[in-house]
Amino acid sequence: MRGAMELEPELLLQEARENVEAAQSYRRELGQRLQGLREAQRQIKESASQTRDVLKQHFNDLKGTLGKLLDERLVSLLQEVDTIEQETIKPLDDCQKLIEHGVKTAEDLVQEGEIAILGGIEEQNEKLWSFAKKASHIQLDSLPEVPLLVDVPCLSAQLDDSILNIVKDHIFKHGTVASRPPVQIEELIEKPGGIIVRWCKVDDDFTAQDYRLQFRKCTSNHFEDVYVGSETEFIVLHIDPNVDYQFRVCARGDGRQEWSPWSVPQIGHSTLVPHEWTTGFEGYSLSSRRNIALRNDSESSGVLYSNAPTYFCGQTLTFRVETVGQPDRRDSIGVCAEKQNGYESLQRDQAVCISTNGAVFVNGKEMTNQLPAVTSGSTVTFDVEAVTLGTTNNNEGGNFKLRVTISSNNREVVFDWLLDQSCGSLYFGCSFFYPGWKVLVF
């Protein structure tokens, strides 16, 4: 009885400790959920505030633009009135001057005739003769043509009040407020010197024709377009390691011109060191970030290696052929355990590669399986995984086995690669015998 009584406080103490730990864990979980809830509230409030500002600015701009358009139309119509008035009033003004001149001439003739009639006998004959001579030179029966009122313009403004209803209908249908964008970023995958961005539709009623991806450094205020197209995945290159970037995507509906609202921005970064080619090789010209190699016209030949063994097992190494030159069966794109100068190709021991004709070589031996020939735009990927570590029970001369998958043009070959010694990382390389080949590595 006493032993049981002594044990009971220990059990109670243990139970109390477990309850405290459970309460602490529960508090942490609630704290994380509370933080998530606050972020959700902040997103709603901030997006609502931004939407209000956008709506106000847009409709203010619209009012200003509509006002300018109405003013321009008014000026155009007034100018049309002025033109019609000026062109049709001028002949009437000329006719008025002609009639007024005739009236003045007739008044002078009447006055002179009255004086001649009222003069003396001797003066009368002379004045009558002078008046008769003057009157004979004036065509008193010639009257100018004056147009009827129905034959001259009577200007008026034709204004169709139905435009108000048309504009009203368009205005009431103009603009929408979306509570959620139709697309969202689904996944961010880090790559050496890049980030793969994947997105998906979240609105089943929305039919997307194109997508538009933008990104920026988190320290920047300006997003820039990086992709527009129909795919739902894109690798953003030229990413600096350990730097946060923000990504957002929108879509354009089928048959529409305007873009949808932007997705919720997602932050991503890459901790992987960018792949770079070795500088100073006379036969190749490199881009500023040293991830693109161009075979130049130099007669120097040999393998261009990476500047360091930056490819690790479990990752995907990708080569994208930007441009092509004349192919040669000795060309090679692949990976190797170590740099070995003096070789003209990776078709050697301790290396695996694909030639530009699609042939696959493992430790210098050509495989039976072959991939399609490499062309402009081709993407060649290497996936390497460790299979065994230690002595193998075969006569192939290796003690470290790797499972290699090479993919190109929607086809792949899988094989085991035996190395003389284990290695945590691999070099990559390429060799081309003719100029024009340009390869991007990521």
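Two strands are taken to pair if DSSP finds at least two bridges between them, and the strands themselves are DSSP runs (E, at least two residues; helices are H or I, at least four), numbered from the N terminus. On that basis, strand E3 (residues 208-217) and E6 are joined by nine bridges and run antiparallel. This is a predicted model, in which local features need pLDDT of at least 70 and side-chain atom pairs count only at pLDDT 80 or more, whereas totals for chains, interfaces and linings use all residues. Residues are numbered from 1 along each chain as its sequence is written, and side-chain values use heavy atoms, with hydrogens and water left out.

**Domains and annotation**

- The domain assignment, whose bounds come from an automatic or database source, gives domain 1 (21-144 + 155-177), domain 2 (183-268) and domain 3 (284-441).
- Between the C-alpha centres of domain 1 and domain 2 there is a distance of 50 Å.
- According to the UniProt record, an unreviewed entry, residues 181-274 carry the annotation "domain: Fibronectin type-III"; UniProt positions are given in the numbering used here, feature names are shortened, and annotations may be inferred rather than shown by experiment.
- In the model, the span 181-274 is 53% strand and 0% helix, and its end C-alpha atoms lie 33 Å apart.

**The four-stranded sheet around E6**

- An open sheet is formed by four strands in the order E4-E3-E6-E7, with antiparallel pairing.
- Its edge strands are strand E4 (224-229) and E7, each of which pairs on one side only.
- Neighbouring strands of this sheet are turned by 30° against each other on average, direction ignored; the axes are lines fitted to C-alpha atoms (for helices over the stretch in contact), and angles run from 0 to 180 degrees between N-to-C directions.
- Nine of the nine residues of strand E6 (residues 245-253) are buried, so the strand is largely enclosed by the rest of the structure; buried means under 20% relative accessible area, exposed over 50%, and partly exposed in between (1.4 Å probe, protein chains only).
- Burial applies to both faces of E6, with Tyr245, Phe247, Val249, Ala251 and Gly253 on one side and Gln246, Arg248, Cys250 and Arg252 on the other.

**The three-stranded sheet**

- Three strands form a further open sheet in the order E1-E2-E5, again with antiparallel pairing.
- Strand E1 (183-191) and strand E5 (233-237) stand at the edges with a single partner strand each, so one side of each has no neighbour in the sheet.
- The twist from one strand to the next averages 25°.
- Five bridges link strand E2 (residues 194-201) to E5 in the antiparallel sense, and the bridge partner of Val197 in E5 is Phe234.

**Two buried serines in loops**

- Ser260 lies in the loop between E6 and E7, and it counts as buried because its relative accessibility is 12%.
- Apart from its neighbours within four places in sequence, Ser260 is in contact (heavy atoms within 4.5 Å) with Pro182, Cys250 and Ala251.
- Ser270 is placed in the loop between E7 and strand E8 (284-286), and with 1% relative accessibility Ser270 counts as buried.
- Residues touched by Ser270, not counting those up to four places away in sequence, include Glu190, Lys191, Ile195, Ile239 and Asn242.
- The C-alpha atoms of Ser270 and Ser431 are separated by 29 Å, and the two residues are 161 residues apart along the chain.

**Strand E13**

- Strand E13 (residues 332-336) is mostly covered, with five of its five residues buried.
- Ser332, Gly334 and Cys336 point one way from E13, whereas Ile333 and Val335 point the other way.
- E13 is joined antiparallel to strand E20 (residues 425-431) by five bridges, with Gly334 opposite Gly429.
- Four bridges join E13 to strand E14 (residues 351-354), also antiparallel, and Val335 stands opposite Val352 there.

**Nonpolar cores**

- A nonpolar core is a set of buried Ala, Val, Leu, Ile, Met, Phe, Trp, Tyr and Cys residues joined through side-chain atoms within 4.5 Å.
- The largest such core has 37 residues, of which Trp277, Phe319, Val335, Phe382, Ile406, Phe415 and Trp417 touch the most other members.
- A second, separate core of 16 residues includes Phe206, Leu213, Tyr227 and Ile239.
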